[in-house]
Amino acid sequence: MTFINYAAREINCKIVYYGPGLCGKTTNLQWIYDNLYTVPGQVFYDASRKLILKGVDGVVFVADSQEARMEANIESLQNLDRNLKEQGYELKLVPYVLQFNKRDLPTAVAMDEMYRQLNFKGEPTFEAVAMSGTGVFDTLKAVAKLVLTELKKK
Ligand SMILES: Nc1nc2c(ncn2[C@@H]2O[C@H](COP(=O)(O)OP(=O)(O)OP(=O)(O)O)[C@@H](O)[C@H]2O)c(=O)[nH]1
Ligand SMILES: [Mg+2]
């Protein structure tokens with residue numbers, strides 16, 4: 001769904017922030033601005049998540065670092081994989097970045113353990129405290145870069 005506006009020297013693309021309920025997707029976007037796409041994390045919104053993946057150019061998966069949310073992270077990642085497939089995309093091929101959010105919490109799982117459980121293709125991975133903006137732009141820049149690399153191939 002990339003749109004290139006040569007006159008304005010702009011490239012518009014669709015980046016979706018995905019992840020389990022309350023992992024901090026909206027908080028990320030509050031640091032960016034209010035008009036990027038994000039999906040509702042709660043399980044009952046699966047139909048909305050499918051819709052929002054239509055025409056996606058890049059995906060950020062926001063994982064919640066809290067120990068108690070690890071299962072929800074894994075479930076949500078599997079859900080992303082499934083929903084992308086339904087729209088004709090492969091998670092393995094789509095520009096994709098992983099964010100470990102809520103690193104400020106004392107219950108945060110160690111980085112290497114998070115990585116072991118959630119990173120599956122060596123995708124760029126960032127620590128974040130979205131609440132204070134830490135790591136938010138690094139994550140966005142990384143996914144934008146991957147989207148542009150993909151665009152150059154076309
Ligand atoms: N401690 C801590 N809390 C955070 C962080 N990022 C977000 N939160 C809090 O987590 C809660 C949920 O954040 P949201 O941004 O609404 O989460 P979401 O992923 O958009 O949630 P859904 O849209 O319901 O799926 C809020 O109370 C945030 O303030 C963080 O880095 N650290
Ligand atoms: Mg939200």
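Student: Does K50 count as buried, exposed or partly exposed?
Tutor: Burial is judged by relative accessible area: under 20% is buried, over 50% is exposed and anything in between is partly exposed (1.4 Å probe, protein chains only). K50 has 24% relative accessibility, so it counts as partly exposed. Bear in mind that this is a predicted model, where local features need pLDDT of at least 70 and side-chain atom pairs count only at pLDDT 80 or more, while totals for chains, interfaces and linings use all residues. Residues are numbered from 1 along each chain as its sequence is written, chains are lettered from A and ligands numbered from 1 in written order, and side-chain values use heavy atoms, leaving out hydrogens and water.

Student: With which residue does K50 form a salt bridge?
Tutor: The general idea is that side chains of opposite charge can pair when their charged atoms come close. Here the cut-off is a Lys or Arg side-chain nitrogen within 4 Å of a carboxyl oxygen of Asp or Glu. K50 pairs with D46, and their closest N and O atoms are 3.6 Å apart. Both sit in helix α2 (residues 46–52), four residues apart, or about one turn; helices are DSSP runs (H or I, at least four residues), strands are too (E, at least two), and both are numbered from the N terminus. D46 is at 21% relative accessibility, so it also counts as partly exposed.

Student: How many salt bridges does the structure hold?
Tutor: Eight. One of them joins R116 to E113, with closest N and O atoms 3.0 Å apart. These two are three residues apart in helix α4, so about one helical turn separates them. R116 is exposed because its relative accessible area is 59%, whereas E113, at 26%, is partly exposed. Another pairs K153 with E150 at 3.2 Å between the closest N and O atoms. K153 is exposed at 62%, and E150 is partly exposed at 26%. Salt bridges with shared partners also link D46, R49, K50 and E86 into one network.

Student: Now the inside: which residues have the most contacts in the largest nonpolar core?
Tutor: A nonpolar core is a set of buried Ala, Val, Leu, Ile, Met, Phe, Trp, Tyr and Cys residues joined through side-chain atoms within 4.5 Å. The largest one here has 20 residues, and F61, L80, Y96 and L118 have the most contacts inside it. Two or more residues come from each of β3 (15–18), β5 (58–64), α3 (70–86), β6 (96–101) and α4 (111–118). Helix α3 gives the most, four residues. There's also a second, separate core of 15 residues, including Y17, V60, V97 and L140.

Student: What is G58 in contact with, beyond its neighbours within four places in sequence?
Tutor: Contact means heavy atoms within 4.5 Å. G58 meets K14, I15, V16, P95, V143 and V147. This glycine lies in strand β5, and it counts as buried because its relative accessibility is 0%.

Student: Which residues form the nonpolar patch on the surface?
Tutor: Patch members have over 30% relative accessible area and no salt bridge; nonpolar side chains (Val, Leu, Ile, Met, Phe, Trp, Tyr) are joined within 5 Å, and like charges within 9 Å. I4, Y6, I11 and L148 make up this one, with about 400 Å² of accessible area together, by the Shrake-Rupley method with a 1.4 Å probe and only the protein chains shown as cover. I4 is in strand β1 (residues 3–5), and it is partly exposed because its relative accessible area is 34%.
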